[in-house]
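Please open the structure in a viewer and keep the selection tool at hand.

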Amino acid sequence: MAEPTDTFDDFLPEALRFCAAAPLVDIGANLTHESFTRDLAAVLGRARAARVTTLILTGTDREHAEQAVAMARQYTEAGLALYATAGVHPHDASRWDAGLATAMADLHRQPEVVAVGECGLDFNRNFSSPAEQERAFEAQLGLAASCGKPLFIHERDAGQRMREMLHAWRDDIGDAVVHCFTAERDTLFGYLDLDLHIGLTGWLCDERRGHHLRELVGEIPLDRLMVETDCPYLLPRNLPAKLKGRRHEPALLPWIVREIAHWRGIGEEALANATSDTARAFFRLPANPQSIHQEN
Ligand SMILES: [Zn+2]
């Protein structure tokens with residue numbers, strides 16, 4: 001990691017004031033989560049100080065996707081670029097209907113929206129029934145096929161069904177990333193065979209359940225690999241200092257990159273550059289982030 005060039009406020013303890021070796025793209029930041037309402041500007045300032053310069057704000061339902069688009073429009077200061085995704089999370093799949101489909105299609109036309117999702121299948125908790133999840137996901141695969149934007153996919157304990165559905169849609173959809181990948185080797189290779197991208201979080205920092213990922217990180221080609229915090233969730237468990245409130249935030253992404261680089265046996269700067277290049281190509285981010293807002 002390099003020396004910080006920007007300044008941190010005192011919220012993060014000294015030991016957590018990281019600075020990425022090259023500018024990073026956090027492809028999964030839930031900054032519309034209520035825990036960020038109070039101090040969003042400071043969170044963004046710390047991200048910039050850590051050289052996490054591009055944030056893809058996850059839109060998990062209509063309300064949060066609209067908030068994410070508004071945030072991307074509002075915060076356009078130099079040195080930080082915000083974009084949004086728009087989808088309906090599998091937990092909320094039971095709410096899918098024609099009105100929601102129309103609202104999502106409208107959102108996908110916004111230039112700030114760079115992916116369809118978060119959508120997918122979560123058979124771990126089944127907050128919506130598997131049938132409802134498949135129906136909502138199928139509909140969003142159709143929306144991605146028609147708008148041409150990449151997919152931001154959530155999958156937990158549903159790897160087999162996910163692969164079947166994506167296989168059926170593969171020729172119609174474009175790029176797709178399985179965010180917060182936590183599954184086993186066979187699922188990973190199944191996804192790579194489908195030409196999918198893989199998003200890695202701080203899950204592999206978790207000594208209770210993430211160690212299997214450490215052997216797998218080297219199997220993901222660099223042009224398929226992207227990094228994310230999934231904040232405020234999934235605070236890395238092996239951070240070198242305790243964090244007040246235990247809320248994860250984008251400024252901590254360099255720690256995750258350091259961990260992945262270590263387990264992959266590659267330099268931090270090379271990994272940072274590769275994952276950012278992959279993210280910029282995947283989400284088709286403009287060279288000049290300001291330009292998209294002027295299209296409105
Ligand atoms: Zn997710």
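Begin by selecting strands β3 and β4 (residues 113-122), which run parallel and are joined by three bridges. Strands count as paired if DSSP finds at least two bridges between them. The strands themselves are DSSP runs (E, at least two residues), as helices are (H or I, at least four residues), and both are numbered from the N terminus. Within this pair, Thr-85 stands opposite Ala-115 in β4.

The model is predicted: local features need pLDDT of at least 70 and side-chain atom pairs count only at pLDDT 80 or more, while totals for chains, interfaces and linings use all residues. Residues are numbered from 1 along each chain as its sequence is written.

Strand β2 runs parallel to β3, and four bridges join them. Here Leu-57 stands opposite Ala-84 in β3.

A residue is termed buried if 20 or more other C-beta atoms lie within 10 Å of its own, exposed if 12 or fewer do, and partly exposed in between, with C-beta atoms placed from the backbone. In a regular strand the side chains alternate between the two faces of the sheet. In β3, Ala-81, Tyr-83 and Thr-85 point one way, whereas Leu-82, Ala-84 and Ala-86 point the other way.

Return to β4 and select Gly-117 with Glu-118. A cis peptide bond joins these two residues, with omega about 15 degrees. Glu-118 has its place in strand β4.

For another cis bond, select Cys-231 and Pro-232: the peptide bond from Cys-231 to Pro-232 has omega near 10 degrees. Pro-232 is located in the loop between β8 (225-227) and α8 (253-264).

Proceed to Arg-51, in the loop between α1 (40-49) and β2. Although Arg-51 is not a glycine, its phi is positive, at about 65 degrees. Is Arg-51 buried or exposed? Arg-51 is buried, because 23 other C-beta atoms lie within 10 Å.

Finally, select Arg-284, which is found in the loop between α9 (268-282) and α10 (291-294). Arg-284 is a residue other than glycine with a positive phi, near 50 degrees. With 13 other C-beta atoms within 10 Å, Arg-284 is therefore partly exposed.
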